[in-house]
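Q: Hi! I've got a structure open here and would like to talk it through with you. Could we start with how it is laid out?

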Amino acid sequence: MCSQGRKGFLKNEGGFKTMKEITLTINGRQVKGKEGDTVLEICQANGIDLPTLCHLEGLSDVGACRMCVVEIERERRPVPACTYPASNGLVVKTDTPELEKYRRLILELIFTERNHFCMFCEQSGDCELQKLGYQYQMDNVRYPYAFPSLPLDSSSDYLAIDHNRCILCGRCVRACSEVAGIHALDFGKRGWRTVVSADLELPLGESSCISDGACMQACPTGAIFSKLSLYKGKTSECQQVITVCPLCGVGCELNVLVRDNNLVRIEAPSLKGSRAALCQKGRFGLLRDNRLRVTSPLVRNRRGKLGECTIDKAMETAAAKLIELKDGFAGIISSRYPKETLSLFNRFVRQATGSDWIDTLDGRNYRLIAGGIKQFSDRGKGLDIECSIDEIPEADCILVIGADPLKTHPLIVSLIRRAKSQKGAKLIVIDQASDVFSPWSDLWLKPEAGSEGILFSGLTKILIDKGLVKQEKVPAELVQSLSRYKRDDVVRATGIGIADLESAASTYGKAEHGVIIYGEGLLERNDPNLVTCLLRLADLTGNWAENHLRVISFKPNANSRGAWELGLAAKDIPSDKLKGVYLLLADEQEDEGRWGWLKGIDFLMVQASYHSAITSLADVVLPSPIWAAREGGEYISMDGRLNKSRQVLQPKEGLLQDREILIELSKKLGHKLSPS
Amino acid sequence: MAKPKIATTWLAGCAGCHMSFLDIDEAIVELANLVEFTASPVTDIKEFSPVDVGIVEGSLNTTKDVEVLKKLRANCKILMAWGDCACFGGIFTMRNLCDKGELLRRGFIETESTKKGSKVPASEEIPALLPQVKPINQLVKVDCYVPGCPPSAKAIHYAVVELLQGRIPVLPSDMMRFD
């Protein structure tokens, strides 16, 4: 059983559905629907209850469980409503005693097939099979039980599969392939021995699974469950809060389940749509952070040791030091904070301390990206020239340049893999270090260090020579300036063979929907011209999605773009004149490479959720709530989407919000900071 | 009119269903006026005499369970199954996932708390394990079921009252429990 073959039989094909209205008779009632709808969709839209197990909104339908069987006039036998295309004049019955008898029979057969005893199942109370058992008053089973002894696969760090609880509905298989784009799961073996299997029956932890957890969210029973959320609470015992993932620039919406001020689990709000997947970091990583929390303010004492003190004392020490400093003070903030905190910090630095040295931790990325965009087009579009990540799953060619999405922006992996499997997209990786998409990439170009500029110019020249560009966009001076990039020279400088160069150029040039994605690896070259080259490449090949070029730059945090657009990263801080730094680190990971230069600072104040190398350097450490306890606010995703975060947990007792600290601190500096 | 007679028993069970029955609180006094409990773990009468209703908790695990169930079935007009073990097999079916010999070895010889040199107890008085644990309807005819692990006191009360009023109880969906 391969999900790929049947996928999109009706719904996900796109364009199959017309808007033509049709009328059906269901249980003697006239109802309306659209041509291309399934009978199940029309029933659901009209409030006609049909039991389902293998159907899940957002996934294609396969008719595996047969719970939704209906009688249709002129059909010889009951058919599953989820795969039956509705047509005008269809006469359907959903609630005859005969159908109810079949459904109960199906349930009993499912229950006897494997271990479906609820009293020792983690999912009891959240199980769709159990719910149907109750609904159909299944108080006994007429058939002998099979009791197969199947293994429990707990080899993954996050997920466990208990095959004994599996009903083979295939929702995990479809979620893995259609939502996460990974297709690590499929069915193995045959007949009643069929099991869900990762790759070719590898343990999940050793397979190509990326632990994004879509399968777990799709599973109707206790067959796939999270090791981190086990027995922490049933859905009915939890509050659900929709917020934004603070981690990377994608800024996924999260549905966070909370019980007694504890995180229970994190889900995608829905499995429908192009942003339906989550990644391992968002779904599991946020639940488990083993770093040591900063729970009390710390001040460096006369003997040079950090010691605990009250928040008031810490702020007084800080204020005295800031007043003493007079100049040479800079404020640096993590772009994991919402707009409200960022703008308050902006005002704190500029008004309360009078400094205009302000930056975000990822400000350098902005200056390179924005510099490149400015050189390409001076029409003031700024970051808005880039396209939405929704362009990725629609692409037929994707260039991934100096980016490792699985490490930094894992959701993008899902989108790219979906483009590959669903649109047959060609994937070209340009990376000096490694082929980050092996074995799924079609081509890996490995330019010599620092030769990216030559490579991009060389590619552009080949495209122009081959006539794969929009001619009206090719000014004579461009042709002139590219004339020095002779193929042999490009081959020599980049170390890439001519065949690969030409193949990359013609694949991208012939694509109708080519998307360029670049990241940290390219920005490390510190050259905005590289960004300009990529924008030009997209422009020349006509890769415009309305007003946006199909180019996407990776931005490190959920509110990087929000912070940059507030002007927090407008200029470099002259580090040679720097005397004091106030760093709002939030819960960002320590990265010594990034702030080793802070070691020589006279005065360093760090506001952080976790102890790290950087807090141990500080003169004053103030505790900052972790992501879930942080006050809500506005976030701008890397492709410009406005997201709203919400506070999920109450902070630990006595812990102030960053907003409160900034206001108090400015009071101590003799400045009244308005909260908004 | 003589009071209807009820006999109850437990096979492979944990007594939880009987506990849940005692949880019907003051209704038990009322019930005691309406029915007569003969053989039951509650009355500690062991031998079955003919009754109107036989109630079984637990699944079929040993040869003794088979014997007891057959006797009760022969002595009652209506047989009611209490709890997931009797209705479906329940938690005892976990042993069906492994081999019987392996199970006994692990249980009596290899557990962390057993002394070295322990053996699987064997005696004619100890009933033998059946090859597999089964729900009771795979051996005898069962007339009505009250699933749950254990069934709620409310569900048990509902089922008994339905019987007293001459109806074969089927639990409504909101009283159904498999855990």
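Q: How far apart are the C-alpha centres of domain 1 and domain 4 of chain A?
A: In this predicted model, the centres of those two domains of chain A are 43 Å apart, taken over C-alpha atoms.

Q: And where do the domains of chain A run?
A: Domain 1 covers 3-95 and domain 2 covers 147-287 in chain A. Domain 3 is given as 298-362 + 560-668, and domain 4 as 366-553.

Q: Okay, on to helices. At what angle do the axes of H13 and H15 of chain A cross?
A: They cross at roughly 150°, and the axes come within 9 Å. H13(A) spans residues 452-465, while H15(A) spans 487-494.

Q: Parallel or antiparallel, then?
A: Angles over 145 degrees count as roughly antiparallel, so H13(A) and H15(A) are roughly antiparallel to each other. The crossing of this pair is left-handed.

Q: Which residues meet there, in H13(A) and H15(A)?
A: From H13(A) you have Ile454(A), Leu455(A) and Gly458(A). Their partners in H15(A) are Val490(A), Ala493(A) and Thr494(A). By class, that contact has four nonpolar and two polar residues, with no charged ones.

Q: Nice. What about H9 and H22 of chain A, at what angle do they pack?
A: H9(A), residues 339-352, packs against H22(A), residues 658-668, at about 15°. Their axes are 10 Å apart. With angles under 35 degrees counted as roughly parallel, these two helices are therefore roughly parallel to each other. H9(A) and H22(A) also make a left-handed crossing.

Q: Which residues of H9(A) and H22(A) meet?
A: H9(A) brings Thr341(A), Leu344(A), Phe345(A), Phe348(A) and Ala352(A). H22(A) answers with Asp658(A), Arg659(A), Leu662(A) and Ser666(A). That contact divides into five nonpolar, two polar and two charged residues.

Q: Switching topic: how many residues does each of chain A and chain B put into the contact?
A: Chain A gives 18 residues and chain B gives 23 residues. On the chain A side, nine are nonpolar, eight are polar and one is charged.

Q: What ipTM does the predictor give the complex?
A: The ipTM is 0.96, and the pTM is 0.92.

Q: Last one: what pLDDT does chain B average?
A: Chain B averages 95, and 99% of the residues score at least 70.

How values were computed. Residues numbered from 1 in each chain as written. Chains lettered and ligands numbered in written order. Predicted model: local features only at pLDDT ≥ 70, side-chain atom pairs only at ≥ 80, totals over all residues. Contact = placed C-beta atoms within 7 Å. Nonpolar A, V, L, I, M, F, W, Y, C, P; charged D, E, K, R; others polar. Axes fitted to C-alpha atoms, helices over the stretch in contact; angles between N-to-C directions. Helix = DSSP H or I, 4+ residues; strand = E, 2+ residues; numbered from the N terminus. Parallel < 35°, antiparallel > 145°, perpendicular 65-115°, else oblique. Left-handed = near helix turned anticlockwise from the far one by under 90°. pLDDT = per-residue confidence, 0-100. Domains from an automatic or database assignment.
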